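Work through the exercises below with the sequence and the structure at hand. Each task is followed by a worked solution.

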Amino acid sequence: HTGMNWAQKSPDPRPPARFGHGMVSLSSGVYMLFGGQDNSGKFFNDTWIYQSSSNIWYQKDTEVMPSSRTYFSIDYCGADNRVYIFGGVKGTVLFNDAWRYDVSAGSWSQVQVDVSSPSPRFGSGMAYEPAGGYFVVFGGARDFSNSYGDLWLFYPAAGIWQKKNPQDGNFPSVRSDFVFEYMEGPGRILL
């Protein structure tokens, strides 16, 4: 998108076509893509960086990386210049692991967490709350007819999950596969 007009970009090389992947903005005009699945059923765990100013994709080869998956939660933490993912699904296998990609080092590492964490799920929302230094994770599903409505805070520096319950009992209904984004101006997360 340029101004108010769409422009088709065809960089080469580029990631194979896919769905269920995650993509985040790392800085102005720089984006990271991870995971997904293609129409033939192949799952991906590849990492790509896109530079919009030069219209170039770079595949980042790393020795350690999350297993291939789709419909995981993903967000960028500018405080430590890392991308975090949580959960996801590969076929019938659900995940509740957390991984971080160090943008400066170009490497993945699994986040060691305490024993209390959200159950395995896909399609949950995740947004970084910079004032508190934590990610907010909401909802998701264990299959296509059973969704969650729980809310968790994840403190990446300590690897600690904390389940939260609303003080007033006012809570969104259960859901999965939704938009969940931190809005810097008002300092709130939009669902």
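**Exercise 1. The largest pocket**

Which element gives the largest share of the lining of the largest pocket?

Solution. The model is a predicted one.
- Step 1: Take the volume. The largest pocket holds about 600 Å³ of space.
- Step 2: List the contributors. Two or more lining residues come from each of β1 (22–27), β5 (73–77), β9 (125–129) and β13 (181–183).
- Step 3: Pick out the main one. β5 supplies 5 residues, the largest share of this lining.
- Step 4: Look at the centre. The lining has 28 residues, and those nearest the centre of the pocket are Ile74, Asp75, Met126, Phe180 and Glu181.
- Step 5: Sort by class. The lining divides into 15 nonpolar, 9 polar and 4 charged residues.

**Exercise 2. A residue of the pocket lining**

Does Ile74 count as buried or exposed?

Solution. 
- Step 1: Ile74 belongs to strand β5.
- Step 2: Apply the cut-off. Buried means under 20% relative accessible area. Ile74 has 15% relative accessibility, so Ile74 counts as buried.
- Step 3: Find the neighbours. Leaving aside residues up to four places away in sequence, Ile74 touches Gly22, Met23, Val24, Val83, Tyr84, Ile85 and Met126.
- Step 4: Ser10 lies 64 residues from Ile74 along the chain, and 25 Å separates their C-alpha atoms.

**Exercise 3. The second largest pocket**

Which residues lie nearest the centre of the second largest pocket?

Solution. 
- Step 1: Take the volume. About 320 Å³ of space lies in this second largest pocket.
- Step 2: Name the residues. Of the 16 residues that line the second largest pocket, Val136, Leu151, Pro172, Phe180 and Ile189 lie nearest its centre. Phe180 is also among the residues nearest the centre of the largest pocket.
- Step 3: Assign elements. At least two lining residues come from each of β10 (134–143), β11 (146–155) and β14 (188–190). β10 provides the largest share, 3 residues.
- Step 4: Sort by class. There are 12 nonpolar, 2 polar and 2 charged residues in this lining.

**Exercise 4. The cavity**

How many cavities of 30 Å³ or more does the structure hold?

Solution. 
- Step 1: Count. The structure holds 1 cavity of 30 Å³ or more, and the largest cavity contains about 30 Å³ of space.
- Step 2: Read the lining. Tyr84, Ile85, Phe86, Ala98, Trp99, Met126, Phe154 and Trp161 line the largest cavity.
- Step 3: Assign elements. β6 (82–90) and β7 (93–102) each give at least two lining residues, with β6 giving the most, 3 residues.
- Step 4: Sort by class. This lining has 8 nonpolar residues, no polar and no charged ones.
- Step 5: Link back to Exercise 2. Tyr84, Ile85 and Met126, which line the cavity, are among the residues that Ile74 touches.

**Exercise 5. The whole chain**

Why does the radius of gyration of the protein chain agree with that of a compact globule?

Solution. 
- Step 1: Count elements. The protein chain has 0 helices and 14 strands.
- Step 2: A compact globule of 191 residues would have a radius of gyration near 16 Å, and the protein chain has 17 Å, so the two agree.
- Step 3: The C-alpha trace spans about 50 × 40 × 35 Å along its principal axes.
- Step 4: Of the 191 residues, 42% are buried.
- Step 5: The accessible surface comes to about 10500 Å², and carbon and sulfur atoms account for 50% of that.

Terms used: Residues are numbered from 1 along each chain as its sequence is written. This is a predicted model: local features need pLDDT of at least 70, side-chain atom pairs count only at pLDDT 80 or more; totals for chains, interfaces and linings use all residues. Side-chain values use heavy atoms; hydrogens and water are left out. On a 1 Å grid over the protein atoms alone, a cavity is a set of points where a 1.4 Å probe fits but cannot get out, and a pocket is an open set with protein on both sides within 12 Å along at least five of seven lines; lining residues have an atom within 4 Å of a point. Grid points are joined across faces, edges and corners, and a volume is the space filled by probe spheres set on the points. Helices (H or I, at least four residues) and strands (E, at least two) are DSSP runs, numbered from the N terminus. Ala, Val, Leu, Ile, Met, Phe, Trp, Tyr, Cys and Pro count as nonpolar, Asp, Glu, Lys and Arg as charged, and the others, Gly among them, as polar. The radius of gyration is taken over C-alpha atoms; the globule rule is 2.2 Å times the number of residues to the power 0.38. Buried means under 20% relative accessible area, exposed over 50%, partly exposed in between (1.4 Å probe, protein chains only). Accessible areas come from the Shrake-Rupley method with a 1.4 Å probe; for residues, only the protein chains shown count as cover. Contact means heavy atoms within 4.5 Å.
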